[in-house]
Amino acid sequence: MSSENKNSKLMFAVPLIIFLLLCVFLFKGLFSNPRELQTGRIGQEMPAFNLPDLMEHNKSWSNKDLLGKVYLINVWGTWCPTCLVELPYLTKLRERGVEIIGLYLEQGYDPDFDGEFNIQALRDEVSQMLARTGNPYQYNIFDLNRSLAFDLGVSGAPETFLVNSKGVILLHHTGDLNERTWRAKFAPKFTQLKEVKL
Amino acid sequence: MKYFLFILFMGFTTAVFAVEEHHTFANEKQAELFKQLSLELRCPKCQNQNIADSNAVVAKDLRDKVIELVKLNKSKDFIVDYMIDRYGYFVHYKPPVTASTLVLWVVPILFVLFGFGSVVFRQKKSAIQQKWSDKDEAQLTKLITKYQDNSVEEKQELGQ
């Protein structure tokens with residue numbers, strides 16, 4: 001009789017435990033962000049590139065120009081509404097001493113349909129937008145064919161990377177950067193690298 | 001007859017294909033590899049679409065890159081690793097077996113084992129409970145005779 005009792009307790013407990021585990025799993029799922037993506041490049045060096053400057057004619061940037069400083073790479077475009085929201089905050093970060101390099105992501109251009117790209121029209125558009133929101137960028141790299149974006153594992157805009165002075169990618173954030181995400185994700189690593197309080 | 005033909009032709013369907021992009025590969029093997037990969041690689045922008053299915057800019061970029069690499073005669077593993085290097089494990093629909101993904105393989109097996117285990121366990125338990133003693137046998141005979149007698153009486157009652 002006692003062994004039967006024990007068995008029925010077991011038969012009751014096992015499904016209950018499975019149910020509770022499932023509850024914990026699903027509850028955690030409520031707060032996970034399916035859009036949170038991580039590039040496969042974390043912990044690796046910046047991919048090699050050689051791309052033109054967005055605003056200045058005949059000027060170009062390569063991965064070697066970026067060595068020796070801690071900086072953010074911010075992927076953006078004038079076509080991206082979330083970037084418009086993010087730009088004033090990034091400008092504030094620049095005022096606090098964070099170096100931000102823009103990676104301008106062009107998404108509409110298709111060489112098969114559009115012919116030659118009208119860079120002047122884009123420059124005017126960019127100047128207008130940055131005049132409204134403030135300019136957070138040291139400079140902008142122009143990635144017309146999305147080749148660097150592809151090598152970084154960028155799926156859209158805005159996205160932000162934190163890179164250290166050795167050129168190693170430490171963080172990748174998809175979506176806008178604001179006070180909350182900066183404090184939670186970037187500030188701890190950044191202050192550690194710069195050894196300054198922000 | 002008209003209706004018969006109508007119903008008969010309803011049994012046939014003609015396949016209609018809408019092709020947006022057309023790629024030419026050097027051989028059948030490359031074309032097959034591209035098809036396989038575009039179904040297996042996942043669009044990083046959209047939640048549950050492969051890159052063949054999605055029209056997102058990044059999905060098109062991935063397709064173009066796959067085409068480029070396939071035409072360079074790169075192997076399937078090379079191309080998949082190339083994408084994982086950039087977009088993480090998210091980009092491939094077949095996750096690798098690691099400590100954190102092991103649960104995907106282990107849980108279904110445990111489920112089946114647990115199910116079989118409980119069936120066997122319950123059967124054994126009920127087999128033990130159904131012991132048949134002489135006392136049960138005597139009880140059975142008693143009950144049979146009792147109800148047989150009853151039924152005889154009932155028949156007699158009906159016969160009256």
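**Entry 1. Phe78(B)**

I looked up Phe78(B) and found it in helix H4 of chain B, residues 76-87. For helices I took DSSP runs of H or I with at least four residues, for strands runs of E with at least two, both numbered from the N terminus. The model is predicted, and local features need pLDDT of at least 70, side-chain atom pairs count only at pLDDT 80 or more, while totals for chains, interfaces and linings use all residues. Residues are numbered from 1 along each chain as its sequence is written, and chains are lettered from A and ligands numbered from 1 in the order in which they are written.

Is Phe78(B) buried or exposed? I record Phe78(B) as exposed, because 11 other C-beta atoms lie within 10 Å. The cut-offs are 20 or more other C-beta atoms within 10 Å for buried, 12 or fewer for exposed, and partly exposed in between, with C-beta atoms placed from the backbone. I also checked Phe78(B) against Phe114(B), 36 residues apart along the chain, and the C-alpha atoms are separated by 39 Å.

**Entry 2. Backbone exceptions**

- Asn73(B) has a positive phi, near 65°, and lies in the loop between helix H3 (57-71) and H4 of chain B. Asn73(B) counts as exposed because it has 12 C-beta neighbours inside 10 Å.
- Asn58(A) has a positive phi near 60° and sits in the loop between strands E1 (50-52) and E2 (60-62) of chain A. With 6 other C-beta atoms within 10 Å, Asn58(A) is exposed.
- Ala157(A) and Pro158(A) are joined by a cis peptide bond, with omega about -5°. Pro158(A) belongs to the loop between H5 and E6 of chain A.

**Entry 3. Chain A overall**

I counted 6 helices and 7 strands in chain A; along the sequence their pattern is α-β-β-β-α-β-α-α-β-α-β-β-α. An automatic or database domain assignment supplies the domain bounds: domain 1 covers 1-32 and domain 2 covers 50-194. Their C-alpha centres lie 49 Å apart.

The radius of gyration of chain A is 23 Å, whereas a compact globule of 198 residues would have one near 16 Å. This radius is taken over C-alpha atoms, and the globule rule is 2.2 Å times the number of residues to the power 0.38. The C-alpha trace spans about 90 × 45 × 30 Å along its principal axes. Of the 198 residues of chain A, 28% count as buried.

I found 5 of the 5 residues of E6(A) buried. Glu159(A), Phe161(A) and Val163(A) lie on one side, with Thr160(A) and Leu162(A) on the other. In a regular strand the side chains alternate between the two faces of the sheet.

For pairing I required at least two DSSP bridges between two strands. E3(A) and E6(A) run antiparallel and are joined by 5 bridges, with Val75(A) opposite Glu159(A). E6(A) is also joined by 5 bridges to E7(A), residues 169-174, again antiparallel, and there Thr160(A) stands opposite His173(A). E6(A) and E7(A) make a hairpin with 5 residues between them, and Gly167(A) in the turn has a positive phi of about 85°.

**Entry 4. Strand E5 and the cores**

I turned to E5(A), residues 140-143: Asn140(A) and Phe142(A) point one way, Ile141(A) and Asp143(A) the other, and all are buried. E5(A) runs parallel to E4(A) (residues 100-105), joined by 4 bridges. Leu105(A) stands opposite Asp143(A) in this pair.

Which members of the largest nonpolar core touch the most other members? They are Val75(A), Leu103(A), Leu105(A) and Ala149(A), in a core of 35 residues. E4(A) gives the most to this core, with 5 residues. I defined such a core as a set of buried Ala, Val, Leu, Ile, Met, Phe, Trp, Tyr and Cys residues joined through C-beta atoms within 7 Å. Apart from it lies another core, of 17 residues, including Leu37(A), Cys43(B), Met83(B) and Val91(B).

**Entry 5. Contact of the chains**

I found 13 residues of chain A in contact with 13 residues of chain B, a contact being two C-beta atoms, placed from the backbone, within 7 Å. The chain A side divides into 3 nonpolar, 7 polar and 3 charged residues. Here Ala, Val, Leu, Ile, Met, Phe, Trp, Tyr, Cys and Pro count as nonpolar, Asp, Glu, Lys and Arg as charged, and the others, Gly among them, as polar.
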